[in-house]
Amino acid sequence: MRRQFWRWMILVTVVAIVAACSRAGGPSAETPASSGTGNPGATASPSDPGAPVDEAYRLRATLTQASPPVSWFNWLPMLAITGDLRVVTAGPMIAVYPGPLLPNLQARPLSLGGFDKIVQQARDVGLLVGSGDFIPPDPAPGAPVGRVEIVVDGALHVLVGDPSRVIVCVTTPCVPATGTPEAFGAFWQVMSDLSWLEGDVGPEAPYLATSFAILVGVEPAEEPGTGQQVVTWPLATPLEAFGEPVGNDAMPRCGTVTGADAVTLRPALAAANELTRWVDAGAGPETGIVIQVRPMLPGEDICRDLFGPAE
């Protein structure tokens, strides 16, 4: 099934690019393949506010693009609010090369009243009624599409639009018309900086993921430098058998690590960089394989969401 899904995703990508170039109006076809709602195989369209809800999260704001899913494996949500009211975002990274393998995730506690204020912002600009499709009629070909999944009164609302589509104001107040692409852009801007919530949001602290998605066998674009780090893969499953192929070839492969295996693997991931090569126990350094790692937030299954259910 995963190989069939991969071929289907490439076809959808081509169709989405052609549609973006030729469309004069109407809804966008450029939406992710899976809602990530915790119901394997389910999809949540913008017009389905009653889609299955995963209580592990209350809001996720993500970007997608008309390109092969492998290229957005490492794209973290712009913002996620977990079911226990923590705001998770990507923090600053150390400006070194090669950079750390794991991203710097930060979490801030959020009051229930603070989340209600975010929901009210979406209501005020008319995003919680209608189809949820706020793609402008003239999108730039290949431009990223913003996707917001927000749980309101037990129902999942999926909103899509152009995060950069904001009105340019000469005078104040600067308020977009409700239910427009500009309203979606304004809401995206509101979410990108929650300082307006003041006392409803607390200080940042490191967020430690309890599960990881791992993409094995995708070589970095840069040439490896000298003194390359080689690390022994600490899990019992060998790298060549880890996860499932995401295409017709044996590599790359995508798999998830949870529970005790995630605890075992975390120290090695934290000490590695993006060019580190991993070898199975007893193997020589010439067998080393590069991996990419995506910490998973509550409600996510990155391998399934990007590449489809495993066979």
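A search of the whole structure finds 9 salt bridges, a salt bridge being a side-chain nitrogen of Lys or Arg within 4 Å of a carboxyl oxygen of Asp or Glu. Before I go on, please note that this is a predicted model, in which local features need pLDDT of at least 70 and side-chain atom pairs count only at pLDDT 80 or more, while totals for chains, interfaces and linings use all residues. Residues are numbered from 1 along each chain as its sequence is written, and side-chain values use heavy atoms, with hydrogens and water left out.

One of these bridges joins E300 to R294, with N and O 3.0 Å apart. E300 is buried at 12% relative accessible area, and R294 is buried too, at 4%, where buried means under 20%, exposed over 50% and partly exposed in between, with a 1.4 Å probe and protein chains only. Shared partners also link R60, R147 and E149 into one salt-bridge network.

Turning to the rings, there are 4 aromatic pairs, counted for Phe, Tyr and Trp (its six-membered ring) when centres lie within 6.5 Å, with planes under 30 degrees apart called stacked, over 60 edge-to-face and the rest tilted.

Finally, F134, F184 and W188 form one aromatic cluster.
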